[in-house]
Amino acid sequence: VCVLLVVRSWCVVSGQVRYSVPEEAKVGTVLGRLWQDLGVEGDDLEARRLRVVWQGRRAGVEVSGASGALVVSSRVDREELCGKSAACSLRLELLLERPLRVFHVELEVTDINDNAPLFPAARKNISMAELTTVPGSRFPLEGASDADIGANAQLSYTLTASAHFTLDVKSPDENRKSLFLVLLKPLDRETVPVHRLVLTASDGGRPSLTGTMELVIGVLDANDNAPQFNQSVYKVQLPENVAEGSVVVRVNATDPDEGLNKEFSYSIVSAVPSGSKGLFSIDPKTGEIRLTKALDYEDVRLHELQIEARDKGTPPLSGHCSVELEVLDVNDNAPEVWVTSLSVPVPEDAPVGTVVALLSVSDRDSGANGRVSCWVRPASPLAVESRLLGSYSLVLREALDRERVWEYEVEVFAEDGGQPSLRASRGVRVPVSDVNDNAPWFSQAVYTVLCRENQGAGAEVARVFARDPDEGSNGRVRYSLWEGATGERAPVGGWRPASSYVSVDAESGVVWAVQALDYEEVQVVQFEVRAVDAGEPALVGNATVQLFVVDENDNAPMLLPTTGGGGAGLVPPLSPVAGTSLEAVSGQESETLWAWASWGGPAGQVVAKIRAVDADSGYNAWLRYEVLEPRGKGPFRVGVYSGEVSTARALEEADGPWQRLVIVVRDHGEPSRSATATLSVSLVEGGEKALAVAGSSNLLLPSEGGAASGVVSSWTNVWLVVSICAVSSVFVVSLLLYGACRWWARAGVVSGPAAATLVCASEVGSWSYSQRQSRSVCVADGAGKSDLMVFSPNLPPPPSAPAPKDTSQAEPSSLLD
């Protein structure tokens, strides 16, 4: 112990050498020559063996044995040896073995800038919430360290340029610095989700060394972004007839957030109009909008939907867009027609242009699809006129006539301009009210009526009918009789009124006889019938009725009266029952006439002429003469139609002094009527007296009245000529009447209320009485031939003409068919 203490003390006082070596010096670098610096001399220094005895930390130096120099033997790192000490001195003890001596050497290791600043980590992750981190927020950072010392360890910091961040360096003292990352402006994760910055630390060495640390600033998502649609307004056009279930549009939204903040769903939040919401559905995930019901342009033309996309963040945020669906019109609506006002019935005298009805026409479609045209069918006096848009009038374009058409049923058609066009119609019933614009009119202007004579009072002889096409009281007709003239003169002179023969029922138009008509008294009754309606003012129609009395065989032939001597006189008419034979008639009382005939006269000598008349006419007055006695072949014969008694052969004395002949005069009526005359013929020898008497008169009487007989014969011849002329005239008139009747037949002229055609014929011939002129025969078409009636429209003789006393008879001509 003592030895050690002595040595120690010696070492301390023996001397001290200081060397300085920069760190990281190369191996072999000579730090100093110990033998010289320690003052050791001698020749054999290597044998003395100088070695380093380390105390504490070992440095990478050693003593070169050959030269005794202190050299660097290995890497010298000041930071390793001394760390952050400002002074880094290593104490070495050199032991010299011969003599034993101890030297103290102080080795100062000097710093070089061999260490770059070093951050604790190459990367630092920092999280910042984008919403909660406000500008000005500070985030502390760990600084870098530099193993060097001094200026080599003096660090300065820089940060990558950023608009959002800056670096704040605080230096509480020279040896310590505080770093802060400061937020300059709000973060937006959706804009920059991660900010990458480089923090650089530079030391003060020359050259300066740097160290870096990457700052990875992750912006934490906050639900600060609502879902955003790629369009704020989606405009869609669809035709109204698009099928249900069709896709309307597909909306699309995005959310820049992440996680639950990014997840969202679609929904329809509102619709305009409000009822439209039920027409659509939306897929919450895809945003596809479909129709759930049919669209109707006429109901809603524009649908506006508000679509929402709501995320699942806390709190949830939502984005919105609108969908404007324009419905395109399709011609799916036919026009509609309404009758807004109807003025019926329409008077038939309403002027042209009168508004009958107001019509309203509309079409819910638009454009050409809603452009409507109107017309009326079938063709009628009614027409459609446009007043205003959608308003029409049904007006009269022609005059009305209720008697022709009492009611119009028309259809108002409306057709739009679509393709194809649609049509609608509305029936309109327009009755026409009556005004008294028609007078009663008879079916024929002249009624020609046949009436058999001897019908009793009250018998219907004709029926007239007047038609008034008006309605109600305007068409109610009453009949009255206007006086006319008859075909016979009244007994006291003048014309007898027609009302004395006939009367007309005011309601039915039946013409009935006031008294029994006698053809021999009157042959034609002509009068006028008036038909008056009950309108205001009343209107009148007229028709002429020609009532022809048809002769009945109610008169037997009458022998003409004679003048002169014995036995002369009128023979009373005979009225044999039908079927009476000539023998039955022969026993009747008759007038006896006398005549003379001479013996030996030639056959055909006229000895007498029987004259007879019949008050009837036609066949009833057509007389036939026959010899009733003697029967068989007598010496005399009588002309069948002339009544001339002549010799059938030459007379002989054997025939006796006189001959008695019974001659019957018979008409052609049914039943036939007759009269008889007895002719006594005296047979004398031929003498001048007899011839003179026979020549002066065809009818010889037993008296001396030959002169009177000649006068009668002269007047008879005169009237016979007059009758022939009259018959010829009437024949011409009959032909004219026949033509007129044919024309009336075609025009529907009838002899009564029912339609009938009159076919007329004429009889032309010489009758037994000069007043029996040509007669017309009329019969309705379709009537049986048994209904053929012969009538004589005789006119009264002139007042100054004397009544005829005799006439010649001839056979009647045939009837014209």
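**Close-up views of a predicted model**

Both Cys82 and Cys88 are buried, where buried means under 20% relative accessible area, exposed means over 50%, and partly exposed lies in between (1.4 Å probe, protein chains only). This is a predicted model, in which local features need pLDDT of at least 70 and side-chain atom pairs count only at pLDDT 80 or more, while totals for chains, interfaces and linings use all residues. Residues are numbered from 1 along each chain as its sequence is written, and side-chain values use heavy atoms, with hydrogens and water left out.

**View 1. The disulfide between Cys82 and Cys88.** A disulfide here is a pair of cysteine sulfur atoms within 2.5 Å, and that rule gives a count of 1. In this view, Cys82 and Cys88 are joined with an S to S distance of 1.5 Å. Which hand does the disulfide have? The torsion about its S-S bond is about 70°, so it is right-handed.

**View 2. Two other cysteines, Cys374 and Cys451.** Are they buried or exposed? Cys374 counts as buried because its relative accessibility is 17%. Cys451 is buried too, with a relative accessible area of 2%.

**View 3. The hairpin of β39 and β40.** Strands (E, at least two residues) and helices (H or I, at least four) are DSSP runs, numbered from the N terminus. Two strands pair if DSSP finds at least two bridges between them. Here β39 (residues 524-533) and β40 (residues 540-550) pair in the antiparallel sense over 9 bridges. The hairpin leaves 6 residues between β39 and β40.

**View 4. Strand β26 with β24 and β29.** Start with β24 (residues 336-342), which runs antiparallel to β26 (residues 355-362) and is joined to it by 6 bridges. Leu342 has Ala357 as its bridge partner in β26. Now move to β29 (residues 391-396): it also runs antiparallel to β26, with 5 bridges between them. Leu358 stands opposite Ser393 of β29. As you follow a strand, remember that in a regular one the side chains alternate between the two faces of the sheet.

**View 5. Zooming back out to the chain with its 7 helices and 52 strands.** Of its 817 residues, 43% count as buried. Contact means heavy atoms within 4.5 Å. Among contacts in the chain with a separation of 6 or more, 69% come from residues 24 or more positions apart. The chain exposes about 40,900 Å², with carbon and sulfur atoms supplying 53% of it; such areas come from the Shrake-Rupley method with a 1.4 Å probe, and for residues only the protein chains shown count as cover.
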